[in-house]
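Me: Hi! Could you walk me through this model? I'd like to start with a helix and then look at a sheet.

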Amino acid sequence: MSSPHSKLQIGIVGGGIAGVALALDLCRHSHLDVQLFEAAPAFGEVGAGVSFGANAVRAIEGLGLGKPYELIADRTAAPWQDIWFEWRRGEDAGYLGASVAQGVGQSSVHRADFLDALATRLPEGVASFDKRATRVEQQGERVRVHFADGSAHECDLLIAADGIKSNIRDYVLEGLGQPLVAPKFSGTCAYRGMIDSEQLRAAYRAAGVDEHLINVPQMYLGLDAHILTFPVKQGRLINVVAFISDRTSPDPVWPQDTPWVKATSQAQMLEAFAHWGDAVRVLLECIPAPTLWALHELDELPCYVHGRVGLIGDAAHAMLPHQGAGAGQGLEDAWLLAQVLADPRVTEASPTEVLKVYDEIRRPRACRVQRTSHEAGDLYEYRDQKVEGDEARLSATLASRFDWLWNHDMAADLAQAQVRLGWTAPARA
């Protein structure tokens, strides 16, 4: 074992969904000593609803979190239980098709509820708060992370799950001799709000809008804009995200002195969708005080690890939300690392080799999800030249384009990792 200690000491920086899920799995194993550090005074998530594809649901189950997730997750009622989204024209709510995820459909939850369900299961003493990481150093076989309060922590392996604004990402890229990668504004903003489902149902009835649009997750498409709706809080609330994109500049810039999330007016939101149909108008009229989110993303990183330090989640691959895949990719990161680190043979392995294998397996897929999430926004907003003006082709593309993402074989990833670590022989063809 490379560590002089009886246990492999693992530090996790960042108490979001990916970081806490990883800590929860790792702290079950007697050969691991796990400590998690969160910059805030307590666990908490910014945001509202989060959607999980079939791949993410499998990762949640693989991390031993299937039961707590099932208790709070929303699923579309029968007979539409396998529908991920129905696709419609924004101008008249005309039906374009549906994407079907067999056995999962639209699986969604309020971010804060999910994080709370995870955090309450962490054993006492694992998490420390008010610990904002400022710098990292590696000396020999140890990693030391320093915090803003003047304290420091030493471990054998450090996992950074500290989000899109990660400080530790800079350390990793500098250590690799690579240029730093900062969050960049995508040119897309999103109006967000939550609506009481009964209020929306009454408003649709009054306006003569089909209530089916509440029963099933919807995606309304239009030029340089799209809107999604899905239930959270056990169907009591409808999560609404209305995206609007400014494509006038190839390199859009968000003003430095403006927060990424701010309050805005309903009037401004309604003006942005003034030419859309009644279903959208009534929907947005039910959100009196929306917030406006400036969507940022990362360029693909050349590597997620440096020595004994590795990046997971948004610290590694923050992406646009257009495939509902960002949180799921963080959970896939956590799942693969958890499976490898849970194996007692890891105490005889090199931590640097473990992280190298993690990077080799996870980064190509996560980068592809980043790219295709950006491309999905172009597709939804009628900017994909391959389907431009052809609704039949658009419908066919939407029906099948998520299959590779949802049907990913995580067990094959683990088998590949075990082979690369020398724990098993390669399978025969």
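Me: Which residues are buried in helix H5?
Reply: In H5 (residues 168–175), the buried ones are Ile-168, Arg-169, Tyr-171, Val-172 and Leu-173. Buried is under 20% relative accessible area, exposed over 50% and partly exposed in between, with a 1.4 Å probe and protein chains only. Helices (H or I, at least four residues) and strands (E, at least two) are DSSP runs numbered from the N terminus.

Me: What covers them?
Reply: The cover includes strands E1 (8–13), E8 (133–139) and E11 (157–160), plus helix H10 (314–317).

Me: What about phi just after H5?
Reply: Gly-177 has a positive phi there, about 70°.

Me: How far can I trust this?
Reply: It's a predicted model, so local features need pLDDT of at least 70 and side-chain atom pairs 80 or more, while totals for chains, interfaces and linings use all residues. Residues are numbered from 1 along each chain as its sequence is written, and side-chain values use heavy atoms, leaving out hydrogens and water.

Me: On to the sheet: what is the strand order?
Reply: The open sheet runs E5-E4-E13-E14-E15-E12-E17-E16, with mixed pairing. Strands pair if DSSP finds at least two bridges between them. The edge strands are E5 (95–100) and E16 (261–263).

Me: How do E12 and E15 pair?
Reply: They're antiparallel, over nine bridges. Met-194 sits opposite Asn-239 in E15.

Me: Which strands does helix H12 touch?
Reply: H12 (residues 351–380) touches E4, E13, E14 and E17, where contact means heavy atoms within 4.5 Å.

Methods
Axes are lines fitted to C-alpha atoms, for helices over the stretch in contact, and angles run from 0 to 180 degrees between N-to-C directions.
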